[in-house]
Amino acid sequence: MFVEVLQNILNPTSLLLILAGVVLGNVFGAIPGLNTPIAIALVLPITMIMDPVPSVCLLMGIYMGGVSGGLVAAILLKIPGTAAAVATVFDGYPMAQKGEGTRALTIGAFASFFGGIFSSVMLLILAPLLSKIALTFGPWEYFGASILALSLVTVLAKGNMVKGCISLGIGLLACCVGQSPIDGVAYRYAFGSAHLRNGFALVAVVIGVFALPEIVNNAARMREIPVVEKVDRKFFHMLDFQSIKKYIRAFLRSSVIGTVIGILPGLGGGPAAMVSYAAAKKASKTPEEFGKGCEEGVVAAEAANNATTGGALIPLLSLSVPGDTATAVMMGALVVQGIALGPKLSMDQPVLFRTIIFAVFIANIFMFLYQASTLGIMAKILSVPKMYLMPYIAAFCITGIFCLNSNAFDLYYTIGFLILGYVLDKNGYPTAPLILGLILGGMVEENLRRSIVYYGSFAECAFRMSVGTVLFAIAVLVPVVTAVNALRHLKKGRKEEM
């Protein structure tokens, strides 16, 4: 089996696809206005005509490269290329202003590599264990796990909880369009249209909600050419051994924080980096240096946000529950490939399961080698006017959607989701719950209906002692507790104003 895994990964095609994914992810992560989900959405139509192993290699390369790519714009422009790089700005940009931009990029690149490798090891250890536990799950347990994921992403996503619930509701409603699951006796919300009987294509929705609204947002800034801080010309930017030894505790602490937060659905690299940054500042002997160009601040932010990649893949591979928006989009690509994610993946397809994990390892190595040798080139990419990039991205998106089914109707409802995504974004509604609702909605409904058929009623399911009941109870309590705490803070603020 191990030999087959190596043959899958260590062949020229797989390695080239991983490298291509890393480069594409880095570029999309580095350029403000683009991000990892957009990059994954862009290649979804391409992966549909590929075999599973090459598809996995390309997707993992994009995922690893995209999360790390945000550090370039964060340090040189004070603009986070991705949401995960917000905390990198705090100390990365002050370092660049002091003439230490190259040093900050070097530290960030190595911290990204360390966090990614650490979380990959955790993925290798924890995913099979979680899969074995999940083998004992029935439909009620899967319902509890999926509803908990939706609850967490609603509460923890940016914006307030009410807006998160509304966004989630839209995603769940969109999931209901088409043939009903299990029985298949009704076509819901099809309105007599044959085109809607199969529901909405995930690729079209993702491109409509994520990619195209960003292009529209950038339309007014097409001619802007940002002024980029200079980067020293050097063939390979490697962090010295003394610095690695000095910050080893920060590397490990941040990687642990990032992996744990990555496992929780809906959080991702942004919150992980912020928590890690706060923990590093609290543990530091010189906390007053943070925010003024502290190297440890860059270490904490970048190690944590890249550690979320392996963490987010753990529930995806083990429970078929995506850990963040990028893995949610990736889940759609893997499902289209016919890959049955969940506990049986490691049992029924052990070669493919380990191929995915090894692809993550190789992608992290390629990511570091690419970043360490091309930091100067990546800095120049930031100065490319968006008027040259955005039209090509839009053309690829539209072509990819049409190629899904060679059906112009897919383009029509993509425009509808473009308008919806743009309106939601402009009004502060998070779009991550919408996508997760669309992806997990079918899983929630199917397992709930199976549970009711098996146990007789929803009450029988809810009041039986099981892991599913515990997960469902947590899913209910999390938004309730969050709402109560928000009301308390609101009342306290009003009393202080009086």
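Contact is taken here to mean heavy atoms within 4.5 Å. The structure is a predicted model, in which local features need pLDDT of at least 70 and side-chain atom pairs count only at pLDDT 80 or more, while totals for chains, interfaces and linings use all residues. Residues are numbered from 1 along each chain as its sequence is written, and side-chain values use heavy atoms, with hydrogens and water left out.

The protein chain has 21 helices and two strands, where helices (H or I, at least four residues) and strands (E, at least two) are DSSP runs numbered from the N terminus. Of its 498 residues, 56% are buried, a term that stands for under 20% relative accessible area, with exposed over 50% and partly exposed in between (1.4 Å probe, protein chains only). Among the contacts in the protein chain with a separation of 6 or more, 79% are between residues 24 or more positions apart.

In soluble globular proteins, nonpolar side chains tend to be buried together. A nonpolar core is defined as a set of buried Ala, Val, Leu, Ile, Met, Phe, Trp, Tyr and Cys residues joined through side-chain atoms within 4.5 Å. The largest such core in this model has 100 residues, and Leu 313 and Ile 435 are those with the most contacts inside it. Helix H16 (residues 350-381) contributes the largest share of this core, 12 residues. A second, separate core has 24 residues, including Leu 105, Ala 111, Phe 114 and Ile 244. Not counting residues up to four places away in sequence, Ile 435 touches Val 205, Val 206, Val 209, Phe 210 and Ala 328.

Tyr 422 is placed in helix H18 and is partly exposed, with a relative accessible area of 30%. Its contacts, leaving aside neighbours within four places in sequence, are with Pro 213, Val 216 and Asn 217.

Asp 91 lies in helix H5 (residues 86-97) and counts as buried because its relative accessibility is 0%. Its side chain is joined to that of Tyr 277 by a polar contact of 2.6 Å, a polar contact being a pair of N or O atoms within 3.5 Å; within protein, one must be able to donate a hydrogen and the other to accept it, and residues adjacent in sequence count only if both atoms are side-chain atoms. Beyond neighbours within four places in sequence, Asp 91 is in contact with residues including Glu 289, Lys 292 and Cys 294. Thr 309, in helix H13 (residues 295-319), likewise counts as buried at 0% relative accessibility, and, with neighbours within four places in sequence left aside, is in contact with Tyr 63, Met 64, Val 67 and Ser 119.

Most residues other than glycine have a negative phi. Tyr 189, although not a glycine, has a positive phi of about 55°; this residue is found in the loop between strand S2 (187-188) and H9, and counts as partly exposed at 45% relative accessibility.
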